[in-house]
Amino acid sequence: MIDSSALRTRLDEVRARIARAAGRAGRDPASIRLVAVSKTFPAEFVRAAADLGQVDFGENKVQEALPKMDHTADLPIRWHLIGHLQSNKAKKAGRFDVIHSVDSAALVARLDDAARAAQKTVELLVQVDLAGEATKHGAHEDEVAGVFEAARALTAVRLVGLMLLPPAVEDPEEVRPFFRQLRDLRERLLARGVVASAMNELSMGMSHDFEVAVEEGATLVRVGTAIFGGRSVR
């Protein structure tokens, strides 16, 4: 059962917190997109949030997202894949509007084929591994430029920025340096000749640290629990 009033309250509070964090950093809140992470929640929750003006929705798994896409096909919303994408799932991932978790040139090529088959343009972000955590995915810092170079000749996908999953810690201030590192990496890539249109987005920040991420330049924040409430572990 969806408590629409509670959902509205939580969504409004997240938007207000983004606006306050943007204000502290001297940024326009309109430059930050909120991605409501709907993983483990049924399509009815997506529809309820969309009724409250939410446009961007994030999912971790392709197989969970596809039925929700079917059930909400009448809505003017955008779907983001934020979880790790295995190469053998790339074909089905062509239905997403934005994929945050690209980590190799080979995966970019597979997604270009998938997007062409789906007859759409898919925006991609390169997930960067800055912490060297064995349990997480992402391209190493010195591999990122090669991923962008490999995508230059492709036509159905468009690289638009970088994504980060920092270490999971309780204090958001402890991950601020990682957000700064991602922002600095973007500047170095631009200096190396990566076109500015491929560096518009920085996807960083989740329910517990999105305000710090906004202060450090995030343009996409991925927030689930703070909007939809607690979820069962899958």
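Biologist: Which residue in strand 8 does Gly161 stand opposite?

Modeller: Gly161 faces Glu201 there. This is a predicted model, in which local features need pLDDT of at least 70 and side-chain atom pairs count only at pLDDT 80 or more, while totals for chains, interfaces and linings use all residues. Residues are numbered from 1 along each chain as its sequence is written, and side-chain values use heavy atoms, with hydrogens and water left out.

Biologist: In what sense do strand 7 and strand 8 pair?

Modeller: Helices (H or I, at least four residues) and strands (E, at least two) are DSSP runs numbered from the N terminus, and two strands pair if DSSP finds at least two bridges between them. Here strand 7 and strand 8 (residues 201-203) pair in the parallel sense, over three bridges. Strand 5 (residues 122-129) also pairs with strand 7 in the parallel sense, over seven bridges. Leu125 has Gly161 of strand 7 as its bridge partner, and Gly161 stands opposite Glu201 in strand 8.

Biologist: Why is strand 7 described as largely enclosed?

Modeller: Buried means under 20% relative accessible area, exposed over 50% and partly exposed in between (1.4 Å probe, protein chains only). Strand 7 (residues 157-164) has seven of its eight residues buried, so the rest of the structure largely encloses it.

Biologist: How do I read a pair of aromatic rings, and how many does the whole structure have?

Modeller: The distance of the centres and the angle of the planes describe such a pair. A search of the whole structure finds four aromatic pairs (Phe, Tyr or Trp rings, the six-membered one for Trp, with centres within 6.5 Å; stacked under 30 degrees, edge-to-face over 60, tilted for the rest). The rings of Phe41 and Phe45 are 5.1 Å apart at their centres with planes at 50°, so this pair is tilted. Phe41 is buried at 8% relative accessible area, and Phe45 is buried at 16%. Ring pairs also join Phe41 and Phe45 with Phe228 in a cluster.

Biologist: Where is Thr40, and is it buried or exposed?

Modeller: Thr40 sits in the loop between strand 1 (33-37) and helix 2 (43-51). Thr40 is buried, at 15% relative accessibility. Its phi is near 75°, a positive value in a residue other than glycine. Gln119 also has a positive phi, near 55°. Gln119 lies in the loop between helix 4 (105-117) and strand 5, and is exposed, with a relative accessible area of 75%.

Biologist: What volume does the largest pocket have, and which residues are closest to its centre?

Modeller: A pocket is an open set of points on a 1 Å grid over the protein atoms alone, with protein on both sides within 12 Å along at least five of seven lines, and lining residues have an atom within 4 Å of a point; a cavity is a set where a 1.4 Å probe fits but cannot get out. Volume is the space filled by probe spheres set on the points, which are joined across faces, edges and corners. The largest pocket holds about 500 Å³. Among its 24 lining residues, Lys39, Asn60, Ile82, Leu165 and Met206 are the closest to the centre.

Biologist: Which residues line the largest cavity?

Modeller: Its lining consists of Gln127, Val128, Asp129, Leu130, Ala131, Glu133, Lys136, His137 and Leu165. The volume of this cavity is about 40 Å³, and the structure holds one cavity of 30 Å³ or more.
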